[in-house]
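Keep it brisk, and say how far the model can be read.

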Amino acid sequence: MRGGIGFWAGLCFTLLISAFLILPIFVSVIAGVTANQFIGISSGFTTRWLLDVWANYGGTVLLSLQIAFATLAITLMLGVPAAYVLARHAGVTARLIEEALVMPVAVPGLATALGLILAYGAVGGLRSSWFFILIGHVIFCLPFMLRAVLAVLLAIDLKRLEEAARACGATWAQRFFGVIVPNIRGGILAGSLMVVTLSLGEFNMTLLLHTPFTRTLPVGLADAYTALRTEMASAYTLIFFALIVPLLSGMQWVVSRMDQPGGSR
Amino acid sequence: MHDRLRAGLLIAPALAIFLAFFLIPLGYLAVAGGAGGYSAILTEPRFLRSLVSTLLVAAATTVITLFISTIMGLFLARVRFRGRSTLLALLTLPLAFPGVVVGYLVIMLAGRQGLIAEVSMALGGDRIVFAYSLAGLLLGYVYFSIPRTLLTLMAAAEKLDPRLEEAARSLGASPFGVLRDVLLPGIAPAMAAAGAICFATATGAFGTAFALASRIDVLPMVIYTEFTLQANLAVAAALSFLLGIATWAVLAVARGASGGAAA
Amino acid sequence: MSIAISLRNCGKTWPGGARGLLPIDMEITAGETLVLLGPSGCGKTTLLRLIAGLELPDDGGTVLFDGKEVTRLPIERRNVGMVFQSYALFPNMDVAANIGYGLRVRGIPKNETQKRVAEMLEMMRLTDFRHRRIDALSGGQRQRVALARAIAPRPQVLLLDEPLSALDARLRDQLRQEIDALLRALGITAIYVTHDQSEAMALGDRICVMEAGRIAQIGSGRDLYHNPANEFVAHFIGDANKNVVINGEVILRPEDLRLRPNPNGAFIITRVTFLGPVLRVMVRHDDGQELRADVPDDPSLQPGTQVEVILRKSSLMAAER
């Protein structure tokens, strides 16, 4: 079809949509480092906005990173063993549990957050602590960790590998950490990058869960978009991009390596 | 240690967290609405109006996204040209953007100082601004949904057996016939799955609407307003419980229909 | 160090109620190689997994290793070596690490482990491949790694679950000889599961033919061939499955028949196939019954020729019905 009218029409359409997706990102990035928004690029580049934003909102970035890595640690500890159990057991109970555990993805974060506030908003100092946000992020991110790990567990011959390790005399802990975990580390890594990316960008839930003392990056961004000038908002967005894009690229790299033959490790 | 006991111990922490911080809060949410909250939804026309406009925006988003992503997905899955992989990497960037950032990007594109406004003025026309209207919201939702949908449909198109297409052509099918009889039926399950996710996301997300400070009363915005500004907890709870059940049901049905391909 | 194995009343019923194995008794003497032979679904792998400790028998069944009960002892504590059908090598480890795994998890000192692994590599002609990744090995090499991994910890019993079924015919032949030599050299009690009767004949001191969850017959290959206990064994053991039962009483092997052209013979040749060593001839009796004969090449045997059938020797086998 190359060279035919179909190809060129397809290419034009694809490029047009790509421009729609990509151009705003460039415009925003450039606005964040342009000295004078009204004159344009000819006014030169500056790091002034970035520094200003960091001075005012640096705390939100640090809190978001803190929450993201805490979320990662907890979802790893909860999700990897749970995925192992779900991969090992084929029964109806296991499928029902799997259905239940992925439910939080299907329910809007707004609803989950409201429920959390109703149930636990009055418990001690929880409401004003960052743990409250952490709880929401764990609930929301756990399904993604579970799915990423489960997918790889189902792709390897888990039962056979484990039997082989048992035949060699390995105890459960020896085979879990010596055979299973090393063979699913691609899935664990993909799930981890996913969890950190999602936690860093989580807004639907966090907007309700946060307090003035626990503002995360996306909440700060929303505030900046309504309150600050374009160059500041853009600089702030640029900081977010700088955090999120390497994570996303890493995730794509891991997934593409897993697709290669013999690369599921 | 007994196998079942160990399995139970390993999955218990995840289940405990799920029960404590998802099911119980959802239970609170269900009852917090009370008879007053649920009856208010049915009687006050503005809630019904917002429900209708939410469903319409979500449906429009789904149709537009599926249309764009199907064309692009089939094209990108079947052709190879220089820069294709770079383009693909760029196209997946927005995957990680939360709705609130997408809203800002819509302002960059169609806001008062946006790209479209600048270009239209430079061409001697009026300053075109539509970021804060229904069109802007729709644009944001479509922006948000395209990368996800595109990836799903591309993967489905790449899995199609090329021999099916060759067989259809050997039997004399036109390009349109191949599209209608082979390609579209082949990716239909993926389209159903991706469409359902698209619909559910557009129904439940409000970052984009929030960033655009849009005047469109989509349901999540109404819930947020009722909760924070009006302190009308009963209605907010009732609305969000129904919203949660609805999006979950849409996804569950789609998953059943597509044989497990949807989230 | 080889041991005797006894099974008492060992049956296996699956959770759905299907009977994988009807209760059986079996004695395996120390150092012998017992082959479990049968079509798929006959229960041979279930029996192996009971002996391995990967499955529990139904209540009342016991497994004894040298008279000691091990029924409830899981495989990791039975000191058995097992070779799996699809190798089940650990993809995250190289060849040497796979072979040494059983030694490491037993906490054997590092220098001892290295020494034993080196021996195994040498014995299996894998020394040049010791740092290879598993997915960079050929099928035959993988099989040798799997064998080395199973015997490196010096198990009391070696269990092999269709170890050659994933290999092509020529390689299978070669590895079969290697395994045979290995089992003789180790003198270990071995249980070998296969559905291939020539593999069973080549390797087994005794062969246990299984059918539908029960033991059809146990005996040497010669026993099974010449004195099959029933029709199933007679059809399963033999060059091909199309031996013939006359009057439901007697089994004739095709190679025991001779054909002589005779215009008054009761048989007519319907088909002739030249197979190299023998000529395979199908003949039909006046009453419509068909027989197969494998005879020395003879150009006079052509389709349509009337023949008489002669028994080469006293090869009538009484068959239990």
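**Strands, helices and a chain contact**

In chain C, β15(C) and strand β16 (residues 290–295) run antiparallel and are joined by six bridges. Strands here are DSSP E runs of at least two residues, helices are H or I runs of at least four, and both are numbered from the N terminus. Two strands pair if DSSP finds at least two bridges between them. This is a predicted model: local features need pLDDT of at least 70, side-chain atom pairs count only at pLDDT 80 or more, and totals for chains, interfaces and linings use all residues. Residues are numbered from 1 along each chain as its sequence is written, while chains are lettered from A and ligands numbered from 1 in the order in which they are written.

Stay with β15(C) and β16(C). Across this pair, Arg284(C) stands opposite Glu290(C).

Val272(C) has Val281(C) in β15(C) as its bridge partner. β14(C) and β15(C) form a hairpin too, with four residues between them. Gly276(C) lies in that turn, with a positive phi of about 100 degrees.

Now turn to chain A. Helix α2 (residues 48–88) packs on helix α5 (residues 130–155) at an angle of about 40 degrees, with the axes 6 Å apart. Axes are lines fitted to C-alpha atoms, for helices over the stretch in contact, and angles run from 0 to 180 degrees between N-to-C directions. α2(A) is therefore oblique to α5(A); under 35 degrees counts as roughly parallel, over 145 as roughly antiparallel, 65 to 115 as roughly perpendicular, and the rest as oblique.

Next, the chains together. Two pairs of chains are in contact, and chains A and B share the most contacts. Residues are in contact if their C-beta atoms, placed from the backbone, lie within 7 Å. The A–B contact takes 64 residues from chain A and 69 residues from chain B. On the chain B side, helix α1 (residues 3–32) gives the largest share, 17 residues. Chains B and C do not touch; their nearest C-alpha atoms are 10 Å apart.

How confident is the predictor in chain B? The average pLDDT, a confidence from 0 to 100 for each residue, is 86, and 97% of the residues score at least 70. Confidence is highest in α1(B), at 92, and lowest in helix α8 (residues 162–170) of chain B, at a mean of 82.
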